[in-house]
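Here are some notes to read alongside the structure, written for someone opening it for the first time.

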Amino acid sequence: MSITAKELAKMMNLSEAAVSMALRNKSGVSTQTRLKVLALAEEHGYDFSKVTKPNVESKHITFAIYRRHHSSIVGDTPFFAELSEGIETACAENQYKLHVTYIHKNEDVQKKTEDIASSDCAGLILLGTEMLLEDFKPFKDLRVPVVVLDTYLDFGDCDCVLINNVQGAQIATDYLINRTKKQPGYLRSAYPLGNFDEREDGFYRAVRRHGMSKSKTIVHSLTPSVEGAFADMMEIMEQGDELAPCYFADNDWIAIGAMKAFQKKGLKIPEDIAIVGFDNIPMAAYMEPSLTTVHVPKKYMGKMAVKRLIDVIQNDEHYPIKLEVSTKLKKRRTC
């Protein structure tokens, strides 16, 4: 019976992580340590097929959509449909087949990653919108290249393609303040996501840049769906809570739900309350009035994720990158 990586680590008085990096020829251990691990592994009959390089001849890319909660916002939405379209287009243009799979936090994620690694897969695009750093651990030692899409995981050995959320929120909030000459409120998602945290950062940067106080900002926490945001905002107004003269919203679903609530209460947009959203979903253009929002080039993001993955697949030298895709403000009639 061949020796395991765990047994090697114990024999050499090294951590399992160090042995894993040495066997997979990853950075993080010295050349001397790597050579010692490889020599001892070979001596004791270690099964190197477990850490062989991905089959660069494979023309199959896996797109894995990770979900943390059953009430996930990742799934059948225009935002993720456009991301997927960009991925599908880029794969077809480069003669790669695409396999799509869903991974839920409550499943056996380790088994799922092992299935991906053992399949005829050249690389993995991982939709990390809902992921936290600890969620990525099962994916870290995959023998295939991984590109994380729509979030940034800061541990140094991961390629990420994401929105420049801070920039987008700053542009939107600057425009809102310049148009209204008033301090904006913030329609914050009740659902925590890394993207929303970055948008909050951009919002407050703009507020401070205009000499306004963060502590005076009126903030409402709303469910990130049209129906949920509408119900939450109706309850807020019925309670008599103070309203801001204008708002930046974490996404278009929140903005549209809040708009419907304001209008139901007889408030005019933008005369009584101005509002700016984020994402530029198709519905935003058909609202009355049409929603000013931050446009995200979603198809382009998907294409760039595939392009980066193929670059990693086809080249031995690898330096992880963080690629932030810029946004633009789509000016319409709500501000």
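1. A definition to start with: two strands count as paired if DSSP finds at least two bridges between them. Helices (H or I, at least four residues) and strands (E, at least two) are DSSP runs, numbered from the N terminus. With that in hand, look at strand β9 (residues 274-279) and strand β10 (residues 292-295), which pair in the parallel sense over four bridges. Gly277 has Thr293 in β10 as its bridge partner.

2. Some ground rules. This is a predicted model, where local features need pLDDT of at least 70 and side-chain atom pairs count only at pLDDT 80 or more, while totals for chains, interfaces and linings use all residues. Residues are numbered from 1 along each chain as its sequence is written, and side-chain values use heavy atoms, with hydrogens and water left out.

3. The overall picture: the protein chain has 12 helices and 12 strands, and its C-alpha trace spans about 80 × 40 × 35 Å along the principal axes. Of its 335 residues, 50% are buried; buried means under 20% relative accessible area, exposed over 50%, and partly exposed in between (1.4 Å probe, protein chains only). Contact here means heavy atoms within 4.5 Å. Among contacts in the protein chain with a separation of 6 or more, 73% link residues 24 or more positions apart.

4. Back to the sheet with β9 and β10. This open sheet has six strands in the order β7-β6-β8-β9-β10-β12, with mixed pairing. β7 (219-222) and β12 (328-330) are its edge strands, each pairing on one side only. Neighbouring strands are turned by 20° against each other on average, direction ignored. For angles, axes are lines fitted to C-alpha atoms, for helices over the stretch in contact, and values run from 0 to 180 degrees between N-to-C directions. Helix α10 (residues 252-264) packs on this sheet and touches β6 (185-189), β7, β8 (246-249), β9 and β10; the direction of α10 makes about 155° with that of β9.

5. β6 pairs with β8 in the parallel sense over three bridges, and Tyr186 has Phe248 in β8 as its bridge partner. β6 also pairs with β7 in the parallel sense, over four bridges; there Arg188 stands opposite Ser221.

6. Now the other sheet. Its six strands form an open sheet in the order β2-β1-β3-β4-β5-β11, with parallel pairing. The edge strands, each pairing on one side only, are β2 (97-104) and β11 (322-325). The twist averages 20° from one strand to the next. Strand β1 (residues 60-67) and strand β3 (residues 123-127) run parallel and are joined by five bridges, with Ile65 opposite Leu127 in β3.

7. What about the interior? A nonpolar core is a set of buried Ala, Val, Leu, Ile, Met, Phe, Trp, Tyr and Cys residues joined through side-chain atoms within 4.5 Å. The largest one has 43 residues, and those with the most contacts inside it are Ile61, Ile125, Leu149, Phe248 and Val306. Helix α12 (residues 298-314) supplies the largest share of this core, seven residues. Apart from this core lies another, of 26 residues, including Val226, Ala244, Ala261 and Ile275.

8. On α12 itself: the helix has 17 residues and reaches 25 Å from its first C-alpha to its last, close to the 24 Å expected at 1.5 Å a residue (the expected span is 1.5 Å times one less than the number of residues). Its buried residues include Lys298, Met301, Arg308 and Ile313. Val306, leaving aside neighbours within four places in sequence, is in contact with Ile61, Ile87, Ala90, Cys91 and Ile125.

9. Not counting residues up to four places away in sequence, Val109 touches Ile103, His104, Pro138 and Phe139. Met11, in helix α1 (residues 5-12), is partly exposed, with a relative accessible area of 45%. With neighbours within four places in sequence left aside, Met11 is in contact with Ile3, Leu40 and His44.
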